[in-house]
Amino acid sequence: MSQQSVIKFSNVTVSFDHRPVLDNIDFTLENGEFAYLIGQTGAGKSSFLRLIYRDLLPDSGRVQVADLDITSLPDKKVPYLRRRLGIVFQDFQLLPDRSVYDNVAFSLQVTGEKKSYIKQRVVEVLGMVGLSHKRKNMPNDLSGGEKQRVVIARALANEPRIMLADEPTGNLDPEASASIMELLKQINNRGMAVLMVTHDYDTVKQYPYRTLKLENGKIGDIAMDEL
Amino acid sequence: MSLGYVVKEGMAGIGRAKLAAFTSMFSLFIAVLLLGLLARLGYNGYEVAQSLKKSIDVEVFLMDLDERTTNELSDRLKEEKLVQEVSYISKDSAAAVFEKEFGSTGSSLADLKFLPASFKLNIDPDAQISQVDSLVNQIQSYRGVDEVRFNQQLLKRIEANFETAAMMGGGLGILILLASMILVFNTIRLTIYAKRDLIKAMKLVGATNGFIRRPFVVEGIIQGLIAGLLSVGVMFVTFHYLLPEYISELGILEWPFGRWYYLSGAMVLLAVFMGFWGSQWAARKFIKKTSISE
């Protein structure tokens, strides 16, 4: 893996029921790069992300993430890999019985940070996503866009090098989607690599970045006009 | 990791999945209460058997012996391991007992002093019937001993009944323990399943499996503690108020070893241990299996 790349796939193959979902794939995401991963439902986009956060192991090939070879990473070390990643899902995965503040603080508590640091960092990341004023609210009091902002704040809390976003605008209206995209753009401008899975081509056209398409188990860069 | 966080989360966990936590506690409570009841009844059964066995004496009837030989024989009997107490009944005492038991009709016969002197032996109630048998045979061969008698049939019956009861009680205890362990472990597993979103979110942000597990284990211990204390409370009420009130002929079934805290402590410890072990086992299994992308 070069000094610049934060994710590197080398000849990666993943099959489910003897059907290859990812077929001998090579891929690199550079440090500070923003890239979209597009493809039809069932094309293997989620499996691709699962490989990165080690929820899935390849049948063959090598996956390297933030200096770690995840194919040979012991199970015990997987949490430490995930602390280097900010993961955002379409379905939010917030804890409904905890306030916005507690949902974000929780990601620092699990890594054993000190109380004073947690307080300072939570205020900081909630400020970054524009939700300082809603820190005492419960997730159910928030709109979809606000919930996704809390998820992004939680993902940012541990200062990861890579942000993985699986359809982060999938459940949102156009206005909320635009605000989330602006937020991801800001995060990327600060130097964090972002890999976003989407099938919202309008968003891809509106915020143009490197775009990769997964099709028939193969991955390749595509130009904007091919969308 | 902060211990405060683990304890706070463990306690809060009970409130977050109230029904599941209640089910776990209830199954722990029932399991420990049943085992406690069985232990108390079993102990009282054992005590009854022991007191019956204690009442069985071995009588050693003597030939006409001089005082020295009698004393030697007494010393020899006292040295026997199974013999707890030796009391000498002289010919006169035997006659007195005879007269007391048979009244005036017996008095003329008693004058004849035909009754032999004897030793009455109190035997260790824990002794097996076979041991008593061989002791009797052994004493029979002592010089100066005319005849040795004991109620072998009664002893046999007590021993056989007690063995049957002990086997049935032990078997029942093991069955209850196994059934309750399966019940407790599965209800704890449901409690943990009810919090799968929490587990997924924790895994997502990089919590180690140990970190995720600890609050569940603390929760299991707290549930065990509450269930154990409740079952002890129910034991108190049952044996001290309900049974004497409604089945007074049963009498008071004593706490084992005469102290309330031995069985109560064991019940609370058992409940805590089951809560700890059940939650440790279920959490370990479930956390390992949970995928963050499901």
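Axes here are lines fitted to C-alpha atoms, for helices over the stretch in contact, and angles run from 0 to 180 degrees between N-to-C directions. Everything shown comes from a predicted model, in which local features need pLDDT of at least 70 and side-chain atom pairs count only at pLDDT 80 or more, while totals for chains, interfaces and linings use all residues. Residues are numbered from 1 along each chain as its sequence is written, chains are lettered from A and ligands numbered from 1 in the order in which they are written, and side-chain values use heavy atoms, with hydrogens and water left out.

**View 1. Helices α1 and α9 of chain B pack at an angle of about 60°.** Helices (H or I, at least four residues) and strands (E, at least two) are DSSP runs, numbered from the N terminus. The crossing of α1(B) and α9(B) is right-handed, meaning that the near helix is turned clockwise from the far one by less than a right angle. Among the residues making the contact (heavy atoms within 4.5 Å) are Y5(B), V6(B) and M11(B) of α1(B), together with F211(B), V218(B) and I222(B) of α9(B). The residues of this contact divide into 9 nonpolar, 3 polar and 3 charged. Here Ala, Val, Leu, Ile, Met, Phe, Trp, Tyr, Cys and Pro count as nonpolar, Asp, Glu, Lys and Arg as charged, and the others, Gly among them, as polar.

**View 2. Helix α8 of chain B (residues 196-204) crosses α9(B) at roughly 150°.** The two axes come within 10 Å, and α8(B) and α9(B) are therefore roughly antiparallel to each other. Their crossing is right-handed. I199(B), M202(B) and K203(B) of α8(B) meet N209(B), F211(B), I212(B) and F216(B) of α9(B). This contact has 5 nonpolar residues, 1 polar and 1 charged.

**View 3. In chain A, helices α3 (residues 100-109) and α5 (residues 144-157) cross at roughly 25°.** Their axes come within 8 Å, and the angle makes α3(A) roughly parallel to α5(A). This crossing is right-handed. Look for V100(A), N103(A), V104(A), S107(A) and L108(A) of α3(A) against V150(A), A153(A), R154(A) and A157(A) of α5(A).

View 4. L204(B), V205(B) and I292(B) supply 33% of the area that chain B buries against chain A, more than any other three residues. The count between the two chains is 0 salt bridges.

**View 5. K218(A) forms a salt bridge with D23(A).** Such a bridge is a side-chain nitrogen of Lys or Arg within 4 Å of a carboxyl oxygen of Asp or Glu; in this pair the closest N and O atoms are 3.7 Å apart. The pair links distant parts of the chain, with K218(A) in strand β10(A) and D23(A) in strand β2(A), 195 residues apart.

Definitions and conventions:
Buried area = accessible area lost by both parts, 1.4 Å probe. Parallel < 35°, antiparallel > 145°, perpendicular 65-115°, else oblique.
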